[in-house]
Amino acid sequence: MSKQLITKFNSIKEWKDYCFSTHKLYLKNPHFKKWINKKEIYIFNLSNLKKDSIKYIKSGLEDAIKLAKLHFKVFYGDIDNFKKIMNSGNKKIDSTNLLKAVIEERNKNHKEHASIFVFNKPIKSQDSVIKDGEALTYVSEGITAFSFSAFKDYPPSFLMRRGKHEALHLLGLNSHHEDTKVKGYKHNVPCNMNYNAPTKYLCSKCRDALVYFWIGVEYAAENK
Ligand SMILES: [Zn+2]
Ligand SMILES: [Zn+2]
């Protein structure tokens, strides 16, 4: 694995100030404003995962929403609009096509909620292929796409941890736990925002990042 770059912060205050202002780029995107105001997240299950398995992903998602003290509601969406992508005959889901289909569906329904997709096929993004429990998230557009193997039985705790991890990305937690080092917080603690989401526990550094991101968003909304 290549050596990753760690961004260092000298104090908790410096970290909170930084997280308070990370929304700026997102707010420039018209989709972002709409989905965060709508406060609805729809799950589209286009995989062979059973309803019970999806429930574990959903509970991870709701855990993340609660942590940020947000009032988002989670629903199951109508998959008919997206069957075309699934049945295209391609071995992989093309993320560009997915983005296009989502925007089309939202225009058609005049509704800008966030969308979470669960696929069995690998997902091709600009620079990588997502598979086996990994996911791809577009915060501005409010889209997360999971890829699970069709031939594996995923344990509930894994689904919950992954669901929470990706939901935290979707809710504005951009960086992973390993990417930053902040004086004042413990660094070597297991955290849901570690790359491999080894635990459902979110450390206080990452929790503060999430909370201050949303304080920043609210502040920007009130002072535009
Ligand atoms: Zn953390
Ligand atoms: Zn991640």
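Start by selecting strands β2 and β5: they run parallel and are joined by six bridges. Helices (H or I, at least four residues) and strands (E, at least two) are DSSP runs, numbered from the N terminus, and two strands pair if DSSP finds at least two bridges between them.

Before moving on, a word on what is on screen. This is a predicted model, in which local features need pLDDT of at least 70 and side-chain atom pairs count only at pLDDT 80 or more, while totals for chains, interfaces and linings use all residues. Residues are numbered from 1 along each chain as its sequence is written, and chains are lettered from A and ligands numbered from 1 in the order in which they are written.

**Stop 1: strand β5**

Stay with β5, residues 114-119. Is this strand enclosed or open? Six of its six residues are buried, so β5 is largely enclosed by the rest of the structure. Here, buried means that 20 or more other C-beta atoms lie within 10 Å of a residue's own; exposed means 12 or fewer, partly exposed is in between, and C-beta atoms are placed from the backbone.

Show the side chains next. In a regular strand they alternate between the two faces of the sheet. In β5, Ala114, Ile116 and Val118 point one way, and Ser115, Phe117 and Phe119 point the other.

Now pick out the bridge partners. Val118 of β5 is the partner of Asn45. Strand β9 (residues 143-147) also runs parallel to β5, with five bridges between them, and there Ser115 is partnered by Ile143.

**Stop 2**

From Asn45, look across to Tyr76: their C-alpha atoms are 8.0 Å apart, although 31 residues separate them in sequence. Tyr76 belongs to strand β3 (residues 73-76). Tyr76 counts as exposed because it has 12 C-beta neighbours inside 10 Å.

Select helix α4, residues 51-67, next. Its buried residues are Ser53, Tyr56, Ile57, Lys58, Gly60, Leu61, Ala64 and Ile65. What covers them? The cover includes β2 (40-46), β3 and α7 (156-170). Just after α4, click on Lys69, which takes a positive phi of about 55 degrees.

**Stop 3: a three-stranded sheet**

Highlight β4, β6 and β7, which form an open sheet in that order with mixed pairing. At the edges are β4 (93-94) and β7 (129-130), each pairing on one side only. Strand β6 (residues 123-124) pairs with β7 in the antiparallel sense over two bridges, and Lys124 has Val129 of β7 as its bridge partner.

**Stop 4: the two domains**

Colour domain 1 (1-23 + 178-224) and domain 2 (25-171) separately; such bounds come from an automatic or database domain assignment. Their centres, taken over C-alpha atoms, are 22 Å apart. Each domain brings 13 residues to the contact, where two residues are in contact if their C-beta atoms, placed from the backbone, lie within 7 Å.

**Stop 5: the whole chain**

Zoom out to see eight helices and 10 strands. The C-alpha trace spans about 50 × 40 × 30 Å along its principal axes. Of the 224 residues, 36% count as buried. Among contacts with a separation of 6 or more, 74% come from residues 24 or more positions apart.

Note on methods. The expected span of a helix is 1.5 Å times one less than its number of residues.
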